[in-house]
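Let's take a walk through this one, a stop at a time. Keep the viewer open and click along as we go.

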2 protein chains.
Amino acid sequence: MERAIDAQLDELKKHILMMGGHVEKALHEVILALLKKEEHRFQDVHKIEDQINEDQVRVDNFCIQILAKRSPVAKDLRMIMSIIKINTDLERMGDQAANIAFTAQDYLKRSPVPQAQILVKMSEVVRKMVKESLDSFVRGDVELAKKILLMDDEVDTNKNQVFNDLTEHMKKNSQDIEASLDVILMARNLERLGDHATNIAEDVIYAITGQDIRHGGIYDR
Amino acid sequence: MERAIDAQLDELKKHILMMGGHVEKALHEVILALLKKEEHRFQDVHKIEDQINEDQVRVDNFCIQILAKRSPVAKDLRMIMSIIKINTDLERMGDQAANIAFTAQDYLKRSPVPQAQILVKMSEVVRKMVKESLDSFVRGDVELAKKILLMDDEVDTNKNQVFNDLTEHMKKNSQDIEASLDVILMARNLERLGDHATNIAEDVIYAITGQDIRHGGIYDR
């Protein structure tokens, strides 16, 4: 027999998936805007971010309702705790996408630097991380969640490459300093998006196994 | 008559205050290390960050216990929700302090740039924000929480100044590009620390008034 709380948790999961879809879309739009120099897409990113912010408030309210009316315990309570945290991460991911849009808008006014291409590659990995972290959440797939942690290493490596390449580039091309800084900041935003997806993967592992793998250690709770 | 949950919420608040003290201390140590070129202080920062990470797990577990055993509602439930979020922000503040320590360690190997001085000023404002956001939390002082939001504007202004000054500096002094980038990244970390303190202030306003002022709007819930 299905419990009433199961239907509500399923509803919550749907909200979280929808938010994740919005984050992916924002990231897709901002990178398209950069690639195709289509400024109108920046507005879309900011509209999507507004939507994500509204989603966040709705999910928090829904969690509070369930906590107040159903007094969940054990696995259900861990699931709600994870949703509260995932919700925060998704909202901050929306912020990061919006930050990229602001920087990208400046960047399009300048002469481009070739190193910006790596942002496209980074954004593809990060979008995959967002999608798969939420897939792992919905399916309760701990193995998939663990893969996200490895993908994050790839993002970090790419970011370090952007930093190193552009530091050298700036030394020889002082006219490209603003554009280089823009790309460095966007790479950093993408890195942070990857970190948030990693947080989600860690929350999934906690929700399913009760194991807290944050901070490198295993804390049972 | 005092309710059992009041004693537990007081205990939780004490934990949160202690974590806030650790964040302040980490920030103090990292800036002292920069100012006095005392490398040994970086180790202290990383030790404090480990402590903050342990605190975070402890606070989360305590929240889960209270939710499971006391089934709080209304104001108590809002308080727990806020503590769960504040706890996450404090942990991420610890991460930012550690990031500053890593960058500062690189920076100390290079010729200093005069613009680094503004980091000291920024860190003082941010430390005040951390302290006062938690004071507002413990005292339930909504007016103080609102002041934090204004202090954040000051941090953002300082960060923009660092960015602009160093962009110009790099154009004329290509030998200072690495050091300038380090200072830009540390300014950005401080800005993010300020953002987290702002999140805490917003959570306090929500916990006390039930008003959600995130995202610029007022959502009653």
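Ala74(B) sits in helix H3 of chain B. Keep in mind that this is a predicted model, and then look at the backbone here: Ala74(B) has a positive phi of about 45 degrees, although it is not a glycine. Most residues other than glycine have a negative phi. Is Ala74(B) buried or exposed? It has 10 C-beta neighbours inside 10 Å, so Ala74(B) counts as exposed, given that the cut-off for exposed is 12 or fewer.

Over in chain A there is another backbone of this kind to look at. Lys37(A) is not a glycine either, and its positive phi is about 50 degrees. As for where to find it, Lys37(A) lies in the loop between helix H1 (4-36) and H2 of chain A. With 12 C-beta neighbours inside 10 Å, Lys37(A) counts as exposed, because exposed covers 12 or fewer.

Back to chain B, and to how its helices pack. Two packed helices are described by the angle between their axes and the distance between the axes. For helix H1 (residues 4-36) and helix H3 (residues 74-107) of chain B, the angle is about 15 degrees and the axes are 10 Å apart. That makes H1(B) roughly parallel to H3(B), because angles under 35 degrees count as roughly parallel. The crossing of H1(B) past H3(B) is left-handed.

Which residues make the contact? On the H1(B) side they include Ile5(B), Leu9(B), Leu12(B), Ile16(B) and Met19(B), and on the H3(B) side Met79(B), Ile83(B), Ile86(B) and Leu90(B) are among them. Gly20(B) of H1(B) and Gly94(B) of H3(B) take part in the contact too. Sorted by class, the contact of H1(B) with H3(B) has 20 nonpolar, 3 polar and 1 charged residues. Asp76(B) of H3(B) is one of the contact residues as well.

Glu132(B) belongs to helix H4 (residues 117-139). It has 19 other C-beta atoms within 10 Å, so Glu132(B) is partly exposed; buried would take 20 or more. Leaving out residues up to four places away in sequence, Glu132(B) touches Leu144(B), Lys147(B) and Ile148(B). Glu132(B) and Ala201(B) are 69 residues apart in sequence, yet their C-alpha atoms are 8.7 Å apart in space.

Chain A has a pair to set beside that one. Asp165(A), found in helix H5 of chain A, and Gln115(A) are 50 residues apart in sequence and 7.3 Å apart in space, C-alpha to C-alpha. Asp165(A) is partly exposed, with 17 other C-beta atoms within 10 Å.

Now zoom out to both chains. How many residues of chain A are in contact with chain B? There are 24, and they meet 24 residues of chain B. The elements of chain A that give two or more residues to this side are helix H2 (40-70), helix H3 (74-107), helix H5 (142-172) and helix H6 (177-209). H2(A) gives the most, with 6 residues. By class, this side of chain A divides into 12 nonpolar, 7 polar and 5 charged residues.

The same surface serves both copies, as 100% of the contact residues of chain A recur in chain B.

Note on methods:
Residues are numbered from 1 along each chain as its sequence is written. Chains are lettered from A and ligands numbered from 1 in the order in which they are written. This is a predicted model: local features need pLDDT of at least 70, side-chain atom pairs count only at pLDDT 80 or more; totals for chains, interfaces and linings use all residues. Two residues are in contact if their C-beta atoms, placed from the backbone, lie within 7 Å. Helices (H or I, at least four residues) and strands (E, at least two) are DSSP runs, numbered from the N terminus. Ala, Val, Leu, Ile, Met, Phe, Trp, Tyr, Cys and Pro count as nonpolar, Asp, Glu, Lys and Arg as charged, and the others, Gly among them, as polar. Axes are lines fitted to C-alpha atoms, for helices over the stretch in contact, and angles run from 0 to 180 degrees between N-to-C directions. Angles under 35 degrees count as roughly parallel, over 145 as roughly antiparallel, 65 to 115 as roughly perpendicular and the rest as oblique. A crossing is left-handed if the near helix is turned anticlockwise from the far one by less than a right angle, and right-handed if clockwise.
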